[in-house]
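Hello,

Here is the structure I said I would pass on. My notes on it follow below the model.

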Amino acid sequence: MLQFKLVLLGDSSVGKSSIVHRFVKDTFDELRESTIGAAFLSQSIKIKDPNSEEDVVIKFEIWDTAGQERYKSLAPMYYRNANAALVVYDVTEADSLVKAQAWVNELKQKVGDENLVIHLVGNKVDLVEEEPSKRVITVEEATKYAADENLLFKEVSAKTGLNIKEVFQTIGEKLYEIKQVELAKNPGNGNGINGDQVNINLPRPSTNDSTSCCS
Amino acid sequence: MGTTWLDTEIPSLSQYRDSIEYNTTNVARNLKYRIIKQKLLDPHPTWLTVSLLGITEYGFVNNELRRQCWSVLLNNQFTRGKKTKNKKIDIKDKICLLQPEVHNDYNQVQLDTNRSFGYIKDPNVKARLKETLQTVIMGVLTKNPGLSYYQGYHDIASVFVMVFYDEKAINQNTDEMISLLHIFTLLYLRDFMMDSLDFAIDQIKVIPQIISKSDKRLVNKLKLDKQDPLFAISSILTLYSHHFKPQLETAELEFDLIYEIFDLIIATQSMMLPLVMYSKFLLLNKELLYKEYELNLVNFENLNDLVHVIVQKIIMTSLTMGDDLNVCRQWYSILNEVRLDFMKNKVKVPSLKRSVNKYSPLLTTTANVNLNTLELTTYKEEDLQKLLKKAISLNVVRKNMNGPDINKLYRQQNYPFLIQMMENKYRKMPPLVKMSIIIGIMAMIIRVMDKENRLFYRFETVIIPYFLSTLKSKWL
């Protein structure tokens, strides 16, 4: 089993906690209470090794953060050593994409790890299915931005569950792929261009899952 | 989840209702209810009596009494400025409070209040509570545009809303709620109402300092002093109301931890006690923390994550363990311990001058001094506004600093002469010198007070024992 650290970032009320709860517990509350500080949850998924076709278990250690601007200063504590970041916006809130873009910039500047997987997600598509006029951020706009910045991207709904599992599946596969490349490049020690950095951020195999925390 | 503290047998609810313990408790609560009710009949109930009743077991017993007692205490701790004295918000203004242009934080308040009270079943009650919550928060913010709203403040405000919730009269109570929450915010929450979290982080960093007074090993092992203990931020910013949601009262007298925590804070006028409670919680669970630490060591790459995760796990377990009756049992015993410590003047408090800003409630308005001096510490609105302004300016400086610079900033703070004399200079004197100075001062006071017999009585029964205990605990 492999473990990866994943952090959720995004503006207040875009649905970060709802996405995590849909993924971890498969539940949804219409009005989930605000997150104060940060919350930790974990969940495992299975992916297939593309070569051997064997199942590989991937465990996500998920840090769900508070969205209000003032909590921004705490974020570095949570994205430190992260392998992946899920940056969330709300397709019905114009400003939330601007905030998401600010997070992407901050991650690129501060984490300084080119292997950090950043996945942009536009949440609450269920609202625009009910009432298309509610949409203020188009798929095209977000897709173009994600392509320019080299991010993974999907629109999701924590309410209906649309694409939630897929997002984590994609991240898991991507992280596994990166890890295989790293192992091939640096079987023993980190000698590559980014050798040292890569090794710091390598996930560790988990040895005692039965007792590990909060699963 | 292998927890250990609940290995003792727990009776079922019906068994418990038949037990002597339950019936004794009920009798005690009923008695206390009647005593408080009697005291409140007094047109000017003494601040001290009400305060003592709030500190002892069961706090103010129920919300009917709590409303009145909080009002007595908070209105005694605060003197309204002349300009605002008789100003009431009328209904028209209340509607204005719910307009976006009223305050910068309006949108955030709306987002958070709209997501509040999710645990209340009745949709009508829920809707009314949410609306009241929003009105109350916006009411406080408009009274003081310098205050910045933070996520978590709505949890604190929801405790006030619940205490004043009355099926028939909730709307009539809005003015009183705004007024009391405003006082509470100005006296107790200034550190949190800045436009950044820095002063709040300074406060949670006091937790390891408190712990190290009784157990250095715990601090060292989890390296609590080498990191910002962010795991505690939600508990402290919300005074535990994020974890313990205030419930509607039922007909029977029921326990509700969160109300009693607020009773204690308001009655002692102390923001130190929430930090002391958190420290006690970690100390009480240290074996469990060590165990989880070892088990999870291999799973986390950095210590911050590891400690945050294990503390969160232990807190969550402490909130949900046992059946309804026993939920939070551990927190009740912590609360009782803090009550006792406070009464016996045994709360272990580190020196805060290098850790927090000098305008912090911890060093000024809520430094838990009232029972010690037996003096009513009351603050004028104008003075509080000045303190708030100064804190806001200092926060601008503090915001752009880290580690060593912050220590330097706080080390260079100047304090009023008297506090410095008490804290620093006299502490270094040999005990015998201190003793003789104190005896000298006491002799002078006795001579003055002797003329007033009434005061002398108080002096003999209260101040001398206080002096002796201070002498014992602090100086010798």
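To begin with a loop: B:Tyr58 lies between helix H3 (47–55) and helix H4 (63–77) of chain B. Please keep in mind throughout that this is a predicted model. The phi of B:Tyr58 is near 70°, which is a positive value in a residue other than glycine. Most residues other than glycine have a negative phi. Is B:Tyr58 buried or exposed? With a relative accessible area of 11%, B:Tyr58 is buried, because the cut-off for that class is under 20%.

A:Asn163 is found in the loop that runs between strand S6 (152–155) and helix H6 (164–185) of chain A. Its phi is near 65°, again a positive value in a residue other than glycine. The relative accessible area of A:Asn163 is 18%, so A:Asn163 also counts as buried under the 20% cut-off.

Next, the interface. On the chain B side, 40 residues are in contact with 37 residues of chain A. The area buried between the two chains is about 3400 Å², and carbon and sulfur atoms give 49% of that. Of the area that chain B buries against chain A, 21% is supplied by B:Arg115, B:Gln151 and B:Glu301, more than by any other three residues.

Polar contact links 15 residue pairs between chain B and chain A, counting pairs with both residues at pLDDT 80 or more. The elements of chain B that give two or more residues to the side touching chain A are helices H6 (106–114), H8 (153–163), H13 (233–237), H16 (286–296) and H17 (303–320). H17(B) gives the most, with six residues. By class, that side of chain B has 14 nonpolar, 16 polar and 10 charged residues.

Two salt bridges are found across the interface of chain B and chain A. There is also a salt bridge to look at between the side chains of B:Asp305 and A:Lys5, at 2.7 Å from N to O.

Last, the packing. The largest nonpolar core has 163 residues, and those touching the most other members are B:Phe184, B:Leu189, B:Tyr278, B:Leu282 and B:Trp331. Leaving aside residues up to four places away in sequence, B:Tyr278 touches B:Ile207, B:Phe231, B:Ala232, B:Ser235, B:Ile236, B:Tyr240, B:Val311 and B:Ile315. A second, separate core has 30 residues, including A:Phe4, A:Leu6, A:Ala158 and A:Ile164.

Regards

Definitions and conventions
Residues are numbered from 1 along each chain as its sequence is written. Chains are lettered from A and ligands numbered from 1 in the order in which they are written. Side-chain values use heavy atoms; hydrogens and water are left out. Contact means heavy atoms within 4.5 Å. Buried area is the accessible area (1.4 Å probe) that two parts lose on being put together, summed over both. A salt bridge is a side-chain nitrogen of Lys or Arg within 4 Å of a carboxyl oxygen of Asp or Glu. A polar contact is a pair of N or O atoms within 3.5 Å; within protein, one must be able to donate a hydrogen and the other to accept it, and residues adjacent in sequence count only if both atoms are side-chain atoms. Helices (H or I, at least four residues) and strands (E, at least two) are DSSP runs, numbered from the N terminus. Ala, Val, Leu, Ile, Met, Phe, Trp, Tyr, Cys and Pro count as nonpolar, Asp, Glu, Lys and Arg as charged, and the others, Gly among them, as polar. A nonpolar core is a set of buried Ala, Val, Leu, Ile, Met, Phe, Trp, Tyr and Cys residues joined through side-chain atoms within 4.5 Å. Buried means under 20% relative accessible area, exposed over 50%, partly exposed in between (1.4 Å probe, protein chains only).
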